[in-house]
Amino acid sequence: MRIRYFFILYILLIINVFANASPIQIAWDYNCPWMCNTSKKPGFLSELVSEIFRLSNLNIEFQRYSWPVAIHEVKEGNALGLLSPSKDEAEGFYFPNESLGFQQMCFYVNKNSIWSYKDKSSIESIHLGISQWANYNGLMEYIHNNIDNPKKINVISSEDIYLTGFEKLSKNEFEALLINRTSAIYYINKNKQKDKFKQVGCLEKEKIYIAFSPKYKNKSKFISETFDKNMIKLKKTSYIKKLMKKYDLTDIDF
């Protein structure tokens, strides 16, 4: 009984230290509607993660980077959290058990294109645009084998991968853009470009998470456990459904 008492006291002490310390730095890249850049709609995942940590009185602060820089900053310990990689995108990081849902990478082409994705072999004949350091479920071997061939792969590292990617696609700098489906649909609808681009196939879905820096073992493990506890608690409420409705999201599965 005494051991349990001191354990609870220890946890409360840690939470109090975090609550009164500087905000937890979370690195992210622009990926609306997941992570946006407006005060009224900061992004589905931005709001969800903020609420999860608020339940433990933990303050967080988002830092915007391009995706490769965001990964680097967290890996080096300049920020504690990374929003929102798959496990393959942040090897060696600390991951909670609870995911933030799924991502699905899909192929987009110009409206007049006759190409479509069938299987791995179907991309061998095209010039493909991808995001630097992103994970493409089932295609990483092909990408690694061709990453240095500019006639096969065009790597984009912009802070706004959607603006840059679709502009390059429209200029025929590559034949197909492989990118997050939900954010691509959001970009196309927002910019009224349904008459310019079309989706022509997708890869398998994969889970995405918030991941924590390998530089801070104890802190990252504690924050991961706190995240799990509060995520489980939040799932029992209507908060997530209301948040999905706010961002017009209908196909998120936890």
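In which sense, right-handed or left-handed, does H2 pass H8 in their crossing? The analysis rests on a predicted model, in which local features need pLDDT of at least 70, side-chain atom pairs count only at pLDDT 80 or more, and totals for chains, interfaces and linings use all residues. Residues are numbered from 1 along each chain as its sequence is written, and side-chain values use heavy atoms, with hydrogens and water left out.

Helices (H or I, at least four residues) and strands (E, at least two) are DSSP runs, numbered from the N terminus. Helix H2 spans residues 44-54, and helix H8 spans residues 239-246. The two helices pack at an angle of about 155 degrees, and their axes lie 10 Å apart. Axes are lines fitted to C-alpha atoms, for helices over the stretch in contact, and angles run from 0 to 180 degrees between N-to-C directions. The angle makes H2 roughly antiparallel to H8; in this classification, angles under 35 degrees count as roughly parallel, over 145 as roughly antiparallel, 65 to 115 as roughly perpendicular and the rest as oblique. H2 passes H8 in a right-handed crossing, a crossing being left-handed if the near helix is turned anticlockwise from the far one by less than a right angle, and right-handed if clockwise. On the H2 side, the contact (heavy atoms within 4.5 Å) is made by Phe44, Glu47, Leu48 and Glu51, and on the H8 side by Tyr239, Ile240, Leu243, Met244 and Lys246. By class, the contact of H2 with H8 has 6 nonpolar, no polar and 3 charged residues. Ala, Val, Leu, Ile, Met, Phe, Trp, Tyr, Cys and Pro count as nonpolar, Asp, Glu, Lys and Arg as charged, and the others, Gly among them, as polar.

An open sheet of 4 strands has the order E2-E1-E3-E11, with mixed pairing. Its edge strands are E2 (60-64) and E11 (210-212), each of which pairs on one side only. From one strand to the next, the twist averages 30 degrees. Two strands are taken to pair if DSSP finds at least two bridges between them. Strand E1 (residues 24-28) and strand E3 (residues 81-83) run parallel and are joined by 3 bridges, with Trp28 opposite Leu83 in E3. Helix H2 lies across E2, E3 and E11, running at about 155 degrees to E2. Helix H3 (residues 67-75) also packs on the sheet, where it touches E1, E3 and E11, and its direction makes about 160 degrees with that of E3.

A further open sheet, of 5 strands, has the order E7-E6-E8-E5-E9, again with mixed pairing. E7 and E9 are the edge strands, each pairing on one side only. Neighbouring strands of this sheet are turned by 30 degrees against each other on average, direction ignored. E6 and E7 run parallel and are joined by 4 bridges, and Ile130 stands opposite Val155 in E7. H5 packs on the sheet, touching E5, E6, E7, E8 and E9, and its direction makes about 165 degrees with that of E8. H6 packs on the sheet as well, touching E5, E8 and E9, with its direction at about 110 degrees to that of E8.

Strand E5 (residues 105-110) is joined to E8 by 4 bridges in the antiparallel sense; Cys106 stands opposite Ile179, and Phe107 has Leu178 as its bridge partner in E8. E5 is also joined to E9 by 4 bridges, again running antiparallel, and the bridge partner of Cys106 in E9 is Cys202. Strand E6 (residues 128-131) pairs with E8 in the parallel sense over 2 bridges, Gly129 having Leu177 as its partner. Both E5 and E8 are mostly covered: 6 of the 6 residues of E5 are buried, as are 5 of the 5 residues of E8 (176-180). Buried means under 20% relative accessible area, exposed over 50%, and partly exposed in between (1.4 Å probe, protein chains only).

Helix H5 (residues 161-170) packs against helix H6 (residues 181-190) at an angle of about 70 degrees, with their axes 10 Å apart. That makes H5 roughly perpendicular to H6. In this contact, Tyr162, Leu163 and Phe166 of H5 meet Ser183, Ala184, Tyr187 and Ile188 of H6; by class, it has 6 nonpolar, 1 polar and no charged residues. The buried residues of H5 are Ile161, Tyr162, Thr164, Gly165, Phe166 and Leu169, and what covers them includes E5, E6, E7, E8, H6 and E9. Just after H5, Asn172 takes a positive phi of about 60 degrees.
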